[in-house]
Amino acid sequence: MKTSFKFSAFFLIFQIFSFQNLTVNSQGSTDSCNSNLNLKGELLFETTSFHCLSVWDQQGYILRYMRTDTNVWSFVLSAPNTNAYIAMGFSKNGKMVGSTAVVGWVSNDGTATMKKYFLGGQSPDEVLPDKGNLQLVNFTSSVVAEDSRIYMAFQLNTDMPSNRLIYSVGPTGMLPSAADFRLTEHQDHISTSLNYNSGQSEKSTPYANLRRSHGLLNMFGWAIFMPIGVMVARYLRQYDPIWFYAHTTIQSLGFILGFAGVTTGLVLNNRLQNNVNRHKGIGIFILVLGCLQVIALLARPEKSSKVRKYWNWYHYITGRVLIMLATVNVFYGIHLGNAGSSWKAGFAVVLVIFLITAAMFEIRMWKRK
């Protein structure tokens, strides 16, 4: 879209006061580190010899950067233009909360906008526009839209930017408005670390060991040992009293591992401050069911008691609900942690083995009857 000289001048003046710039071209554009930026002079600083790297392959984010003066670092973030905002945050510890982000978008009428935000918390009210510790160099910020991609260019006045960078993409069609420029919750994000000297970027997973421990403890405790204990109690009763001691030992080990898994999960949630309330709520409910099973074992009535059958119903139902919820929550946790398909496939194989084994024992019991 071509604009008149007066129209461009108006938005250049507006950019001086609010870091906003309208630059929309009709020519199609694809971007890669094998090609030079050719935005027809729309950027407000020179980008020759910039380092270039793909920082988020899933979303097509490409970053170019260079130290262009003693205390000036220049950045150009390129991403697909999906009618959503793009953001690049600078964090001290890899967390989103407490970081300051530069956010850019192009509205439906072609107006391009860039603002910085301080991420003071997880709620929209705590994401504050025009706040934060980033010192943007005046009159150098711009957002350029070229058909299929959006380019966000800015300069920071700093001796060395943080190497813990966070990239995010907003929900499609939900752009900040000029009323208060409130930022809606991102659709997806990634935390990375960047070596400015070598130009290498790596996906950063904060507390990776704690995450792994949390997942393994819960997986083995609630979703593996507990089903094994149930199968022992159901299919090996002819080996009395060995089945009972084996059942209580396995279930006790599962409870201890599961309790440790829930505890590590609460510690992890406190450190990451992620919004995983559903996953956390299911995990706590599973722990409550586990505690009820322990209490039920201590309060187990004699076989000759009239209430024994009701205790059996309670014990069976509670145990099976626990296992079903644990199975669902393990898959959900793998999804939330972006652990990958290998974790899902491995856990699914274990469940298939359990199902086949249980089916074989059921057929054996049916034949005996």
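1. Strands E6 and E7 (residues 112-119) pair in the antiparallel sense over seven bridges; strands (E, at least two residues) are DSSP runs numbered from the N terminus, and two strands pair if DSSP finds at least two bridges between them. Thr100 stands opposite Phe118 in E7. Five residues lie between the strands of this hairpin, in which Gly110 takes a positive phi near 95°.

2. This is a predicted model, in which local features need pLDDT of at least 70 and side-chain atom pairs count only at pLDDT 80 or more, whereas totals for chains, interfaces and linings use all residues. Residues are numbered from 1 along each chain as its sequence is written, and side-chain values use heavy atoms, with hydrogens and water left out.

3. E6 also pairs with strand E5 (residues 86-91), in the antiparallel sense and over five bridges. Here Met88 stands opposite Val102 of E6.

4. Seven of the seven residues of E6 (residues 100-106) are buried (under 20% relative accessible area; exposed is over 50% and partly exposed in between, with a 1.4 Å probe and protein chains only). Both faces are covered: Thr100, Val102, Gly104 and Val106 on one side, and Ala101, Val103 and Trp105 on the other.

5. One disulfide is found in the whole structure, a disulfide being a pair of cysteine sulfur atoms within 2.5 Å. The bond joins Cys33 to Cys52, S to S 2.1 Å. Cys33 lies in the loop between strands E1 (24-25) and E2 (51-56) and Cys52 in E2, so the pair ties together parts 19 residues apart in sequence. The link of Cys33 and Cys52 is left-handed, with -80° about the S-S bond.

6. Cys33 is partly exposed at 37% relative accessible area, and Cys52 is partly exposed at 25%.

Key
Helices (H or I, at least four residues) and strands (E, at least two) are DSSP runs, numbered from the N terminus.
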